[in-house]
Amino acid sequence: MKEIGVGLLGFGTIGTGVVKLLGRNAALIEEKLGVGLRLKKIADLDITTDRGVTVGPGVLTRNAEEVISDPGISVVIELIGGYKIARELILKAIENGKHIVTANKALLAVHGEEIYAAAARKGVEVRYEAAVGGGIPVLSAIKGNMAANHFGTVLGILNGTCNYILTKMTREGADFSAVLKTAQELGYAEADPTFDVEGVDTAHKLAILVTLCFGTRVAFDNIYTEGISAISAMDINYAKEFGFKIKLLAIGKLDGDRVEARVHPTMIPLDYPMADVDGVFNAIRLTGDFVDTVMFYGRGAGMDPTASAIVGDVMAIARNLMVGVGRRSAPLGYLDHKLKNLDIKPIGEIVSKYYLRFSALDKPGVLARIAGALGKNDISIESMIQSARMAGETVPIVIMTHEARESNIRRALDEIDSCDFITEHSKLIRIEDALQ
Ligand code: HSE
């Protein structure tokens, strides 16, 4: 075997990074593998735009079939994204005996089982390191070096776009939409950026992590998902005053025979290492029963880091091909028939500390009513700030609670929001400050 044929579906930002890497580091890759990786075909609807990378003659095509049915191609890299076409092409490529490398977390979170089953039937590999954490090799570590552990928790800052936006808002008081536009220009954002800012992309990645860590299938729709679009400069400033930073956190916890799997803006103490994860950087913090706490940190999005993970996967498949073995390990790290079906705990049942912000008219009895509603619902106050009156006689009242059950918090907020002195919907942000 002198070379291994590779095909690429999708010539966008990440595809361009893959072409650049395969070209620039070709000699190094060959030195490590003993064979070269040859990019034989690239399919995309747009084959005329100059991406600033060199592509050999006859490589570009508008016809994806040419990639997935080329007998000289052993590994197909899927970078189209989305559910429909990507799924169809991956399934056909598997049917044709191709190994798959993909960064498509949305597809894997929702249709992963079907794809892994098809791959098992054909004895081919599906690798997807780039789907979570961009260039960070966390999935391989969970399935490989840390595989001997029972995992208890997995926490992640998993969306570069959101982390970039929150960082700019925190450091520079920047405007949400202007920062989102820059993140899009830098190639961090999804084709549909609402997937980023509404937490959907993070939930896709969390679904994959929860399956890998806890060995359970995850019903994606049951992951509680809340994005960052409602985070205001005021909340960021209050967080700072209380010694916290706001991060969009993915939280996975094993809790008996259920799991917690939720994505939402979260206040974390300023002295937590995760609070220093800024900009496009991602971090994943895992606890295993033998390894204890491990934290991964690196660039979670962008052309070059993501290409690094993709080509690493192609090289892993190439190594297997070189010695004539395919599919050395199950794609989820567990034997297929050993995967469990643990339920996800409903959000109302979680227990957390909360930041609550009320906008109220400044008049006698308001604080007593708010405190009364909290007390009645078994919610204990840890600290409180009432700032100066703003225009229109409205005053922000911020309360930090001790641990409380979310259903109680929501009941109290409903009751408070129905009072005539409340001028806008009350705000809650969960706090995570008890990491062992
Ligand atoms: N849109 C994603 C992010 C890309 O911003 O993190 C990497 O998955």
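1. Glu88 and Lys84 form a salt bridge whose closest N and O atoms are 3.1 Å apart, a salt bridge being a side-chain nitrogen of Lys or Arg within 4 Å of a carboxyl oxygen of Asp or Glu. The two residues are separated by about one helical turn because they stand 4 residues apart in helix α4 (residues 84-95); helices (H or I, at least four residues) and strands (E, at least two) are DSSP runs, numbered from the N terminus. A search of the whole structure finds 31 salt bridges.

2. On the basis of the model: it is a predicted one, in which local features need pLDDT of at least 70 and side-chain atom pairs count only at pLDDT 80 or more, while totals for chains, interfaces and linings use all residues. Residues are numbered from 1 along each chain as its sequence is written, and side-chain values use heavy atoms, with hydrogens and water left out.

3. The domain assignment, which is an automatic or database one, divides the protein into domain 1 (3-135 + 303-338), domain 2 (139-299) and domain 3 (350-431). The C-alpha centres of domain 2 and domain 3 lie 26 Å apart, and 18 residues of domain 2 are in contact with 15 residues of domain 3, contact meaning heavy atoms within 4.5 Å.

4. Domain 2 and domain 3 bury about 1,500 Å² between them, with 65% of it on carbon and sulfur atoms; buried area here is the accessible area (1.4 Å probe) that two parts lose on being put together, summed over both. In domain 2, the residues that lose the most area to domain 3 are Tyr238, Phe242 and Met267, which together account for 41% of what that side buries.

5. On the side of domain 2 that touches domain 3, the elements giving two or more residues are α11 (233-241), β9 (244-255) and β10 (258-269), and β10 gives the most, with 6 residues.

6. Lys253 is found in strand β9. Leaving aside residues up to four places away in sequence, Lys253 touches Gly152, Thr153, Phe214, Arg258, Val259, Glu260, Arg262 and Glu432, and a polar contact of 3.0 Å joins the side chains of Lys253 and Glu432.

7. Turning to the ligand, 13 residues surround it, the closest being Lys105, Gly160, Thr161, Tyr188 and Glu190, where a residue counts if one of its heavy atoms lies within 4 Å. Polar side-chain atoms of Lys105 and of Thr161 each lie 2.6 Å from an oxygen atom of the ligand, whereas for Gly160 it is a polar backbone atom that is 2.7 Å from an oxygen atom of the ligand.

Technical notes
A polar contact is a pair of N or O atoms within 3.5 Å; within protein, one must be able to donate a hydrogen and the other to accept it, and residues adjacent in sequence count only if both atoms are side-chain atoms.
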